[in-house]
Amino acid sequence: TPGLQGRRLLAPLLQFLTDACVVLFLIQSADRLIQCLGSFYITVKRIKPRLKSPVLPDAEDPDAGYYPMVLVQIPMCNEKEVYQQSIAAVCNLDWPRSNFLVQVLDDSDDPTTQSLIREEVAKWQQTGARILYRHRVLRDGYKAGNLKSAMGCSYVKDYEFVAIFDADFQPNPDFLKRTVPHFKDNDELGLVQARWSFVNKDENLLTRLQNINLCFHFEVEQQVNGVFLNFFGFNGTAGVWRIKALEESGGWMERTTVEDMDIAVRAHLHGWKFIFLNDVECQCELPESYEAYRKQQHRWHSGPMQLFRLCIPDIIKSKISVWKKFNLIFLFFLLRKLILPFYSFTLFCIILPMTMFVPEAELPDWVVCYIPALMSLLNILPSPKSFPFIIPYLLFENTMSVTKFNAMISGLFQLGSAYEWVVTKKSGRSSEGDLISLAAVAVPPKELRHHQKTGSAPNLDALLVWKEQPSPKKEGKKQKKHNRIYKKELALSLLLLTAAARSLLTKQGIHFYFLLFQGISFLLVGLDLIGEQVE
């Protein structure tokens with residue numbers, strides 16, 4: 001029959017694609033396994049970056065230790081939910097006030113937000129903090145343009161290091177004391193990166209799944225690359241750069257949406273080394289809505305492909321070793337940034353359901369179930385409390401492959417959406433540490449005076465209630481929340497659920513369950529039923 005003949009013609013092509021994707025899948029799985037073994041070795045041997053010259057504090061004069069000049073930058077844009085927290089945390093850093101300057105780099109185009117941030121800066125200036133407010137009229141180059149503009153200030157030449165914190169990041173008071181000393185007598189060191197922790201990781205299912213991914217990223221990927229290669233992608237925040245390293249590498253460039261990865265690659269090509277501190281944490285927020293998370297992931301996966309196109313000639317011509325060139329081109333860019341989203345989408349979202357209609361092309365059970373389950377188990381090990389979410393995590397990662405594949409293609413071929421930059425929506429959730437640091441300017445005067453006299457800490461519950469009381473002037477109609485509809489995810493859910501029905505009829509047990517649950521996962525995401533709804 002014509003249908004049978006069509007299947008026989010399609011089967012060899014489908015089988016070829018299947019085999020190719022399985023090979024890529026196995027290579028990427030081997031890379032993931034090697035990274036996990038590296039992390040295990042680091043844990044067992046208790047390997048961690050050591051100070052080249054231990055800093056010995058002077059008991060009589062606490063400020064007589066190693067306190068070089070540090071510039072602290074907080075780039076932000078229309079982030080009125082979190083600006084107070086980040087400014088308060090940075091102004092409370094335990095570092096001699098004469099030796100660090102805070103730049104609040106406000107790119108907000110909302111006059112109200114600009115006014116609020118300017119007032120907050122003025123409050124801290126009155127307390128004696130060395131803090132400046134900067135606003136650009138022309139918002140060229142997004143975050144990279146903002147940082148580049150700030151580094152052009154004449155007083156920057158007086159500073160040796162620059163610490164960068166995004167608007168939702170809240171460093172602990174000892175952050176500089178635990179990061180900057182690594183630069184002492186270590187002239188090859190260009191970057192010290194801290195890991196992130198999350199104040200809202202248990203807020204909903206979406207934040208729990210993100211926490212799994214990011215814990216693996218820091219605990220395994222960043223730590224292993226830092227220990228064995230002295231190189232990893234800068235995370236864009238919660239890091240300290242040697243200003244000389246930034247300048248020698250060409251400074252901030254606006255050519256991609258991943259300016260952090262761009263400067264890290266160029267610094268690596270210039271011979272600078274990086275250190276990752278897994279035991280130094282900086283609190284921040286995870287996106288709580290799928291829409292915010294999807295846009296963030298699109299930027300994170302299209303940018304590396306833009307950068308790869310631009311820097312591949314520089315990598316080939318650079319004077320770094322052949323092994324480092326191989327690591328950059330094949331492992332850092334191709335395997336982890338291109339091949340991973342390609343095979344995840346193609347193999348599990350297209351080829352697998354198609355094999356239900358073309359049975360001549362086969363996909364082994366171990367590819368569908370056993371290896372993905374093992375990889376998910378490895379991913380979840382750095383966050384053991386998330387073990388109950390291992391199955392939702394596996395299904396959600398496959399669902400996100402649609403966004404990541406689309407972003408990868410748009411970045412690789414320079415499509416219009418590749419240069420889309422949307423600031424990730426924040427909720428402004430406070431941690432206990434936030435509230436204490438905010439107390440200096442946020443606690444009502446009478447209460448503050450009382451605690452200053454008694455030496456006690458403000459009541460956190462009372463402070464939270466006071467902080468969240470809306471101003472009468474700002475009260476208005478609450479915006480209604482609604483669910484978005486994602487057509488690509490819904491289309492794939494229809495394909496997967498139809499394939500599941502076909503699998504049930506042909507009695508392919510394990511394929512049926514995978515297709516059924518994966519189809520339901522796509523349906524839930526397509527109807528925006530995961531995470532918070534959008535205002």
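This is a predicted model: local features need pLDDT of at least 70, side-chain atom pairs count only at pLDDT 80 or more; totals for chains, interfaces and linings use all residues.
Residues are numbered from 1 along each chain as its sequence is written, and side-chain values use heavy atoms, with hydrogens and water left out.

Reader: How many helices and strands does the secondary structure of the chain come to?
Author: Helices (H or I, at least four residues) and strands (E, at least two) are DSSP runs, numbered from the N terminus. On that basis the chain has 17 helices and eight strands.

Reader: What percentage of the 535 residues in the chain is buried?
Author: Buried means under 20% relative accessible area, exposed over 50%, and partly exposed in between (1.4 Å probe, protein chains only). Of the 535 residues in the chain, the buried share is 53%.

Reader: Which residues does the UniProt annotation "transmembrane region" cover?
Author: UniProt positions are given in the numbering used here, feature names are shortened, and annotations may be inferred rather than shown by experiment. The annotation comes from an unreviewed entry and covers residues 328-357 and 510-530.

Reader: How far apart do the end C-alpha atoms of residues 510-530 lie?
Author: For residues 328-357, which are 100% helix and 0% strand, the end C-alpha atoms lie 40 Å apart. Residues 510-530 are 81% helix and 0% strand, and their end C-alpha atoms lie 25 Å apart.

Reader: Which residues does Gln 518 touch, not counting residues up to four places away in sequence?
Author: Gln 518 sits in helix α17 (residues 509-526). Its relative accessible area is 0%, so Gln 518 is buried. With contact taken as heavy atoms within 4.5 Å, and residues up to four places away in sequence not counted, Gln 518 touches Leu 395, Asn 398, Thr 399 and Leu 496.

Reader: Is Ser 86 buried or exposed?
Author: Ser 86 belongs to helix α2 (residues 83-91). Leaving aside neighbours within four places in sequence, Ser 86 is in contact with Ile 74, Met 76, Asp 166, Ala 167 and Phe 169. Because its relative accessibility is 1%, Ser 86 counts as buried.

Reader: How many disulfides does a search of the whole structure find?
Author: Cys 91 is buried at 5% relative accessibility, and Cys 311 is buried with a relative accessible area of 2%. A disulfide is a pair of cysteine sulfur atoms within 2.5 Å. For the whole structure the search gives zero.

Reader: Is Arg 46 buried or exposed?
Author: Arg 46 lies in the loop between α1 and β1 (70-76). Its phi is near 55°, a positive value in a residue other than glycine. At 71% relative accessibility, Arg 46 counts as exposed.

Reader: Where is Gln 414 found?
Author: Gln 414 is not a glycine, although its phi is positive at about 55°. With a relative accessible area of 41%, Gln 414 is partly exposed. Gln 414 is found in the loop between α12 (390-412) and α13 (432-442).

Reader: How many nonpolar, polar and charged residues does the lining of the second largest pocket have?
Author: Ala, Val, Leu, Ile, Met, Phe, Trp, Tyr, Cys and Pro count as nonpolar, Asp, Glu, Lys and Arg as charged, and the others, Gly among them, as polar. By class, the lining of the second largest pocket has nine nonpolar, six polar and eight charged residues.
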